[in-house]
Amino acid sequence: MIDSFLLIGLPYAAIFIFLIGSILRFRYYGYSVTSHSSQFLESDKLFWGSRLFHSGIVVLLLGHIIGFLIPKSIIVVTSTPLWMMVIEVTAFAFGLLTLAGIVLLIKRRIQEKRLHSVTSKMDLIVYFVILTQVITGLLVAYYHRWGISWYASSLVPFLRSLIIFMPDQAVIASMPWLIKIHTISAFVFIGLIPFTRLMHFLVYPLAYLWRSYQLVIWNRDQKAMHSSKNTREGVKPVNN
Amino acid sequence: MDIRSQIAMVFHLDKCIGCHTCSIACKNIWTDRKGAEYMWWNNVETKPGTGYPTKWEDQKIYKGGWVKNGDKLELRVAGKPTGLTKLYHNPDMPVMDDYYEPWTYDYDHLFEAPAGSDQPTARTISLVTGEPIDVKGGPNWDDDLSGTPDYGRNDINLRNVSAEDQEAMFQLERMTMHYLPRMCNHCLNPACVAACPSGAVYKRGEDGVVLISQEKCRAWRLCVTACPYKKSYYNWSSGKSEKCLLCYPRLETGQAPACMHSCVGRIRYLGVLLYDADKIKEFASCPENELIDRQLDIYLNPFSEKVIRDAKKNGIADSTIEAAQKSPVYKFVKEWKIALPLHAEFRTMPSLFYVPPMLPVMGKMENGVYESTTTNLWGKIEESRLPLQYLANLFSAGNQDKIKEVLKKLMTVRYHRRQVTVNDIEGSLLDDAFESTGLTPDVADAIYRLTSLVKYDERFVIPAAHREEAIEMIESTDDRKGNTGFGEKKGTRRVF
């Protein structure tokens, strides 16, 4: 019963909350979507903390997503022991970077008095969840080796079964508790996104790369002015 | 030709008395809030001095503005794609200590302190942490040359002023200074707009005011780095960047911005300039010594029939064209050419121009005596106490001739008015002055008049905003009627 709740109910609730919540937050509380950078208050310690954490977490997240999207190719690649070794070690190294980063960030948050005035309760929860996630992730990688392979072959089918609304918890239910915690806390993380500053990675400004440098916005829409759908008869003013 | 209208400004530095009324007017309206206490959208600096934030002009430190890379014009560090690598941590962003930690005083203690043998004091309390702090600096810590060894001497504009002149500038009896009120320049080629990854910073088409959409800002902070004037500020509490909005709600109702309206010395002028937006890229990337001339070229003559025709075709209102014709800024900048942009070498094409200061009119001292005994009533411009190179570094990208031209014109106006009122100027001196500057007595009188006599309506020529009519053109007002509540952009119809 508790397994069903944690492994089926919670994931669905989390994904539902994430999808609906982020859309609502973006639409109706768009103003609140910001990264809330604290670099202005403290910059030197942030350099190490933020750079390490973000470069680590981005690689790890992408890795999980790639494994989820193309599990078969991953299984093929990891059937070569050398490749498996290389990927596993790389992933573990990035995990260590992430851990070092988040520890430095938490330390900074506690030590710097200026930061206390911009720290919310949700920030503390986020720190806790991320720390749990990174530590359990590293432990899983250490105690249950070759996770890249079994993630693709055993855990991804469970995740996919959720997506197609035919949840099958049999695979994961028999897995070690460490992996269960990592999975459950991952869904908690996803469910938290709309309520925290985690929203910022959904608005990563990639579009900047292909927009022109200057941006001019007119109150008066030049095109609309000349092709007005105004139904009233008479001459439309072209100038005021 | 893509004609647009820009609200532009002129500050007459000879008239600035450094009273900071502009800064206070701005603060009271816009930045008296949590997270914005340290922001001075408008501030007044003493020159020579290091300004606010400290040494803002030194782009080796702050890495703002545009640079020419071969033929291409690029942002120094904040552009594409390098800007995106700075989101996690931006090494080129000023932090609170480059400005100052905002503080208040523990006034409560004056009333609540228990009886004792000492007078109770109101200690300084940080507005960030709420704890007592030792104040180490403020936005105008170097006012009137105070702390010169730390501030004035470190002014980056002294870099190519001769050691001798520098020494003279800081001798007690010879020292000289002037004020430099600063605010957002609402540039034609704004670096902050170009640097914003979210596209939150934009230039308003109708009047050229540069604004930051608070809805779209995601605190990537690159506008702070990119603006070479450091006039985009990061609100550490709301997590949004903010900047001067030229009091656009006041402009739209025909009032001058608060800083300008409150100016005690009446140094500020505001009006419309028409310009050709197609030329921005070409002119902003011209060689450094041509920057000022090319910027003047971009502004169009609002009396020319062709310009008027093209402007109307581009949807510029008749009232805006009329305002452009009456614009005091057009006269100072384009007709008389006595106002220059600040640090044109940043290549943002600022819309704020300065009439450089002539004061003190007295020249250098010889053996402790002013040179007022010479045949000249006033010292020569070349022998001005404020080294020309210093002014040139501020207002003409280092070009001394440019600044000399302007100062000579200003001097000619003085000679002329002295002659009119006191009649003790040698005829040849005045004739020479008119001849070398190309001014005529009529123009000199016009400059004198606009400088010292005109009232509010002539200093601020603000075109109507026409927002109501803009909506009328796009959709039927009958449909629009009753759609929304007061101050609401989203509909007020009930959902669910």
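P53(B) sits in the loop that runs between β2 (43-47) and α2 (59-62) of chain B in this predicted model. The peptide bond joining Y52(B) to P53(B) is cis, with omega at about -5°. A cis peptide bond also joins K80(B) and P81(B), where omega is about -10°. P81(B) belongs to the loop between β4 (72-75) and β5 (103-105) of chain B.

Most peptide bonds are trans, and most residues other than glycine have a negative phi. K63(B) is placed in the loop between α2 and β3 (66-69) of chain B. R347(B), likewise not a glycine, has a positive phi of about 65°. The loop holding R347(B) lies between β13 (340-341) and β14 (352-355) of chain B.

| Site | Angle |
|---|---|
| Y52(B) and P53(B), cis peptide bond | omega about -5° |
| K80(B) and P81(B), cis peptide bond | omega about -10° |
| R347(B), positive phi | phi about 65° |

K63(B) counts as partly exposed because it has 19 C-beta neighbours inside 10 Å, and a residue is buried if 20 or more other C-beta atoms lie within 10 Å of its own. R347(B) has 25 C-beta neighbours inside 10 Å and therefore counts as buried.

Notes: Residues are numbered from 1 along each chain as its sequence is written. Chains are lettered from A and ligands numbered from 1 in the order in which they are written. This is a predicted model: local features need pLDDT of at least 70, side-chain atom pairs count only at pLDDT 80 or more; totals for chains, interfaces and linings use all residues. Helices (H or I, at least four residues) and strands (E, at least two) are DSSP runs, numbered from the N terminus. A residue is buried if 20 or more other C-beta atoms lie within 10 Å of its own, exposed if 12 or fewer, and partly exposed in between; C-beta atoms are placed from the backbone.
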